[in-house]
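The structure is shown first.

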Amino acid sequence: MAGPLQGIRIIEFAGIGPGPFCGMMLADHGAEVIRIDRPGSVLDPRDPLLRNRKSLLLDLKQPDAVAVARALCATAHGLIEGFRPGVMERLGLGPNVLIADNPALVYGRMTGWGQFGSYAQAAGHDINYIALSGTLHTIGRAGERPVPPVNYIGDFGGGGMMLAFGMAAALLHAQRSGEGQVIDCAMTDGSATLSAMTWGFYGMGRWRDEPGTNLLDGAAHFYDTYVCADGKFISIGSIEPQFYAQLRALTGLADDPDFDLQMVPAQWPALKEKLAALFAAKPRDHWCALMEGSDVCFAPVLSLAEAPHHPHNAERATFVEVGGVTQPAPAPRYSATVAARPVPPPPPGQDSDALLASIGHDAAQIAALKAAGVVG
């Protein structure tokens with residue numbers, strides 16, 4: 001793999017959601033990510049979270065498999081695991097063991113609630129983690145239930161992306177000092193961090209603790225989505241005075257005195273009704289032709305089927321085809337250490353022989369491990 005992390009080896013213990021997303025991020029940017037898969041694993045080659053990997057199939061219920069994993073981790077710079085607290089220790093692969101083997105190892109732990117705390121051993125999902133951090137409370141219309149934002153905030157933003165950042169930071173520290181460490185990445189913590197600006201506004205008295213009543217949560221007429229005559233949607237984000245003036249000018253509202261009261265929250269519902277009626281009178285293409293590329297702060301709300309074909313996304317190659325399937329391209333971009341084009345995930349165990357050989361196993365030993373069901 002090309003990219004700024006070329007030369008970094010990461011061992012990823014197979015999981016779902018945020019752990020694989022972290023592995024994808026590191027692999028997309030050049031790290032050699034070796035996924036330890038379980039017997040019976042069936043991976044979908046269309047899954048972007050699993051791209052750019054090598055795969056070793058191990059039955060970690062067997063001591064010989066644990067020994068293989070331990071030897072492989074001794075050659076690595078970092079590790080990703082997403083089990084409940086204590087599972088890796090019971091396997092004999094906890095951080096005390098592996099960092100003793102490899103003092104510079106960065107041991108990344110991905111959980112919902114964290115390694116300690118009242119909820120640490122409880123099951124949960126993204127919706128629960130962001131509920132506890134207060135983040136979910138901020139998402140939704142006034143007087144309605146909070147709206148689950150898919151699983152973008154807990155699993156991916158506050159989880160996998162946060163762990164990828166933590167891994168990169170700890171890897172830099174290890175390179176400078178030779179000192180490895182454990183990263184306790186909890187999605188509850190990460191989702192709280194993602195809402196830092198909201199907490200700042202709340203502390204300054206500029207954010208009401210009621211969803212759907214604030215500048216950025218859909219209350220303001222100039223920061224919301226609107227339905228068009230064809231049933232499609234547009235987004236408006238005309239916060240600053242000069243952008244708001246552009247909105248008024250292009251929509252013919254420059255001379256409507258009601259819109260002079262932009263920052264008066266009591267006026268927002270009535271002004272939103274006026275804008276809703278205006279936008280509903282024409283199809284989305286009309287508003288795109290009028291406002292795309294302007295300083296209104298405008299964009300059409302594109303579906304998953306539409307987004308890859310929009311000219312801006314096409315010009316930037318924001319989406320790529322991997323194995324005949326459209327998926328997001330690696331991001332961000334680098335001027336010097338350009339990331340390679342992603343490749344589909346390998347079948348589980350495809351790289352077992354080569355990886356075992358890389359840690360000193362000869363052909364007879366590999367055959368014996370396979371015959372015993374230790375390695376797939």
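The notes below describe a predicted model.

## Helix crossing

Helix α1 (residues 18-28) and helix α6 (residues 152-177) have axes that come within 8 Å and cross at roughly 45 degrees. That angle makes α1 oblique to α6. The crossing in which α1 passes α6 is right-handed.

On the α1 side, the contact is made by P18, F21, C22, M25 and L26. On the α6 side, D155, F156, G159, G160, M161, L163, A164 and M167 take part. Sorted by class, the contact of α1 with α6 has 10 nonpolar, 2 polar and 1 charged residues.

## Aromatic pairs

The whole structure holds 8 aromatic pairs. One of them joins F222 and Y244 in an edge-to-face arrangement, 5.9 Å centre to centre with 80 degrees between the planes. F222 lies in the loop between α8 (196-203) and β7 (223-227) and Y244 lies in helix α9 (residues 241-251), so the pair ties together parts that are 22 residues apart in sequence. F222 counts as buried because its relative accessibility is 0%, and Y244 counts as buried at 4%.

Y226 and F279 form a tilted pair, 5.1 Å centre to centre with 50 degrees between the planes. Y226 is in strand β7 and F279 in helix α10 (residues 268-279), so this pair links distant parts of the chain, 53 residues apart. Y226 has 4% relative accessibility and counts as buried; F279, at 0%, counts as buried too.

## Ring cluster

W113, Y119 and Y129 are linked into a cluster by ring pairs.

Note on methods: Residues are numbered from 1 along each chain as its sequence is written. This is a predicted model: local features need pLDDT of at least 70, side-chain atom pairs count only at pLDDT 80 or more; totals for chains, interfaces and linings use all residues. Side-chain values use heavy atoms; hydrogens and water are left out. Axes are lines fitted to C-alpha atoms, for helices over the stretch in contact, and angles run from 0 to 180 degrees between N-to-C directions. Helices (H or I, at least four residues) and strands (E, at least two) are DSSP runs, numbered from the N terminus. Angles under 35 degrees count as roughly parallel, over 145 as roughly antiparallel, 65 to 115 as roughly perpendicular and the rest as oblique. A crossing is left-handed if the near helix is turned anticlockwise from the far one by less than a right angle, and right-handed if clockwise. Contact means heavy atoms within 4.5 Å. Ala, Val, Leu, Ile, Met, Phe, Trp, Tyr, Cys and Pro count as nonpolar, Asp, Glu, Lys and Arg as charged, and the others, Gly among them, as polar. Rings of Phe, Tyr and Trp (its six-membered ring) pair if their centres lie within 6.5 Å; planes under 30 degrees apart count as stacked, over 60 as edge-to-face and the rest as tilted. Buried means under 20% relative accessible area, exposed over 50%, partly exposed in between (1.4 Å probe, protein chains only).
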